[in-house]
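User: I'm new to this one and would like to be walked through it. Could we start with a pocket and then move on to how the helices pack?

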Amino acid sequence: MELSNLYLLEFKQGNYIKIGKADNIHNRIKTLQRIWGEVDYEASYYLQAPTSIVQQLESALLLLLAQYTVPYPQGDGRTELRAKPSLGIALRYLEIFCLTMPDIGGVHVGVPRPALPLEPARRHIRRDRLLKKSKLMVQSVTGLAEKFGRINRLLTILYRRQTRIPFEYEQQGDVVNFRVRLPSPLKAPDQNLFAILAYFNFEIEDLQGFGSFSCCSARGRNDIVEFIVELPHAFSADWSPLMTYFVKQTLAFFQRLPTRSPAAFQPIPHVSSG
């Protein structure tokens, strides 16, 4: 069983926290500190659990604390920044969750500082670093293809079941507003909703560094779920051709859908953001 870490990082400067997941928290902190400043290890929190649970918890917390989003226009991990007052809410949510999952240890207060490693020969360090980066680059390309493959399968299901699934959407430029009417009122937290949102979380790593971004948000009320999807663009010029290719292919699937499915006998209204 693969384990990962959910982290809630406080920074010594800046009125925000960072929510995220990482197999190696220390490596992730190194990247984040270059952008968002020095992390306060003692004031931060983490929880270790199976990777699938960590992914669900991250999506749940980001959705729960959406109203605390910090509007930074750019920067690695900016979509997972939340205002500091949200930390207490996040900890209460995790406390309740851990009570229902006794096999998972509780939330740990304070992230241990990394131990200073023994320094091997510089040549070996450089070689191992390049090999690792090469492996991560290949994994990123594979993961990107798998993400778009899941999105394409989802669109194919909507096309085949359009007489049974009520949906409606509009596209304005690079933004798609997609609404679905459910058979029954939405329950929170909804694992299916979190799974769909995870389709639109992208992580890319190559020799130049690491980056991640999300291009989908959701809101629901009663039996309607509304997805706001911004067509993804690579944050790095090196990745732009590959991302453009996948987006173009996925749009070919998307454009087969009617703007309102036959199962939607009446217009599906927008979900108010208030």
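User: Which helices and strands each supply at least two residues of the lining of the second largest pocket?

Analyst: Bearing in mind that this is a predicted model, the elements that each supply at least two lining residues are helix 4 (122–160), strand 7 (175–181), helix 5 (191–199), strand 11 (224–230) and helix 6 (240–254).

User: And which of them gives the most to that lining?

Analyst: Helix 4 gives the most to the lining of the second largest pocket, contributing 6 residues.

User: How much space lies in the second largest pocket, and which residues are closest to its centre?

Analyst: The second largest pocket holds about 930 Å³ of space, and among the 37 residues that line it, Leu154, Leu158, Val180, Ile196 and Phe227 are the closest to its centre. Sorted by class, the lining has 30 nonpolar, 3 polar and 4 charged residues.

User: Switching to Ile165, where does it lie, and what is it in contact with beyond its neighbours within four places in sequence?

Analyst: Ile165 lies in the loop between helix 4 and strand 6 (167–172), and, once those sequence neighbours are left aside, Ile165 is in contact with Leu158, Val180, Ser261 and Ala263. The C-alpha atom of Ile165 is separated by 18 Å from that of Arg219, a residue 54 places away along the chain.

User: Now the helices: how do helix 2 and helix 3 cross?

Analyst: The axes of helix 2 (residues 51–64) and helix 3 (residues 86–100) come within 11 Å and cross at roughly 140 degrees, and the two helices are therefore oblique to each other. The crossing of helix 2 past helix 3 is right-handed.

User: Which residues meet there?

Analyst: From helix 2 there are Ile53, Leu57, Ala60, Leu61 and Leu64, which meet Ile89, Ala90, Tyr93, Leu94 and Phe97 of helix 3. This contact has 10 nonpolar residues, with no polar and no charged ones.

User: What about helix 2 and helix 5, at what angle do their axes cross?

Analyst: Those axes come within 10 Å and cross at roughly 95 degrees, which means that helix 2 is roughly perpendicular to helix 5. Gln56, Ser59, Ala60 and Leu63 of helix 2 make the contact with Gln191, Leu193 and Phe194 of helix 5.

User: How do the residues of that contact divide by class?

Analyst: The contact of helix 2 with helix 5 divides into 4 nonpolar and 3 polar residues, with no charged ones.

Definitions and conventions: Residues numbered from 1 in each chain as written. Predicted model: local features only at pLDDT ≥ 70, side-chain atom pairs only at ≥ 80, totals over all residues. Heavy atoms only, no water. Axes fitted to C-alpha atoms, helices over the stretch in contact; angles between N-to-C directions. Helix = DSSP H or I, 4+ residues; strand = E, 2+ residues; numbered from the N terminus. Parallel < 35°, antiparallel > 145°, perpendicular 65-115°, else oblique. Left-handed = near helix turned anticlockwise from the far one by under 90°. Contact = heavy atoms within 4.5 Å. Nonpolar A, V, L, I, M, F, W, Y, C, P; charged D, E, K, R; others polar. 1 Å grid on protein atoms, 1.4 Å probe; cavity = no way out; pocket = protein on both sides within 12 Å on 5 of 7 lines; lining within 4 Å. Points joined across faces, edges and corners; volume = space filled by probe spheres on them.
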